[in-house]
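Take a look at the chain below.

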Amino acid sequence: MPDSDILLRCPHCGAYAWALTLFTDNIFSAARWSDGKPDASMLPEENGITRCYECHTFYWLKDALNFGEIIFPMSEYIFPEPSGKEPYTEDLDIPSLVEAIEQGLGNTVDRKKHLRIRLWWALNDLIRQREQVDAFLHHKDLFSTNLQALDILLRASHEPEDRLMRAEIARETGEFDHCLELLVEIPEKFQRISDQLKVFVQKKSQVVQELY
Ligand SMILES: [Zn+2]
């Protein structure tokens, strides 16, 4: 593992797990896809959530013990000494994200948003991996209820990134006029993405698209 990665401990059972330290504050600055998803290597990690491989409880990486503490060199580490071979934390899949939302892991607005955005991205991954379109259609109801809930969370924000995300939600749910309304007054730095969303609207496209 790179020596900048961080060793976490599950807040419930104490099992160790590694976490990548890569993260970005501004989702759309690294967006490769119209829903804001960046390249895999740019995925925000620090604010993420995972499920313990040992006790299967969900936990936020920031709530894990030792977060922010770089353990190298190992000799400085006190009991119980980790082996260094612990697994890396894994992103949650669709059923786990639904379960985490149902269990109330979204205990702040930001965490609620994080879970809903990750669920959106996970569902859109089925379209990104083209052969899974049937699986995507199977989740149609979940897709729309999740986006309705996310839109409500984003509505309270005045951040342009959140407005851009709402525009994309409107497009992906077929509300093309509403999408265009939301794209009015998008600041210059998001013009490139905004212009592309308008083209997708012209084409009456409702699915996630790769940005150029
Ligand atoms: Zn655990």
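What share of the contacts in the protein chain with a separation of 6 or more comes from residues 24 or more positions apart? That share is 59%.

## The overall layout

This is a predicted model. The protein chain has seven helices and four strands. Along the sequence, the pattern is β-β-β-β-α-α-α-α-α-α-α. The chain has 212 residues, and 28% of them count as buried.

## Helix H2

Helix H2 covers residues 109-128. Its 20 residues should span 28 Å at 1.5 Å a residue, and its end C-alpha atoms are 28 Å apart, so the two values agree.

The list runs His114, Leu115, Arg116, Ile117, Arg118, Leu119, Trp120, Ala122, Leu123, Asn124 and Leu126. What covers these residues includes strand S3 (49-51), helix H1 (94-102), helix H3 (133-138) and H4.

## Helix H4

Helix H4 spans residues 140-155, which makes 16 residues. From first C-alpha to last, H4 reaches 22 Å, close to the 22 Å expected at 1.5 Å a residue. Its buried residues are Asn146, Leu147, Leu150 and Leu154. Why do they sit on the same side of H4? They cover an arc of only 100° around the axis, and that puts them on the same side. An α-helix has 3.6 residues a turn, so residues three or four places apart point the same way.

Now turn to the other face. Asp141, Thr145, Gln148, Ile152 and Arg155 are exposed, on the face of H4 turned away from its buried side. Over the buried residues of H4, the cover includes helix H2 and helix H5 (160-172).

## The nonpolar core

The largest nonpolar core has 37 residues. Which of them touch the most other members? They are Leu8 and Ala167. H2 supplies the largest share of this core, with seven residues.

Leaving aside residues up to four places away in sequence, Ala167 touches Cys179, Leu182, Leu183 and Leu197.

## Ile193 in helix H7

Ile193 lies in helix H7, which covers residues 191-202. Is Ile193 buried or exposed? Ile193 counts as buried because it has 20 C-beta neighbours inside 10 Å. The cut-off for a buried residue is 20 or more.

Leu183 and Ile193 are ten residues apart in sequence. In space, their C-alpha atoms are 9.9 Å apart.

Notes: Residues numbered from 1 in each chain as written. Predicted model: local features only at pLDDT ≥ 70, side-chain atom pairs only at ≥ 80, totals over all residues. Helix = DSSP H or I, 4+ residues; strand = E, 2+ residues; numbered from the N terminus. Expected span 1.5 Å × (residues − 1). Buried ≥ 20, exposed ≤ 12 C-beta atoms within 10 Å, placed from the backbone. Arc of directions from axis to C-beta. Contact = placed C-beta atoms within 7 Å. Core = buried A, V, L, I, M, F, W, Y, C linked by C-beta atoms within 7 Å.
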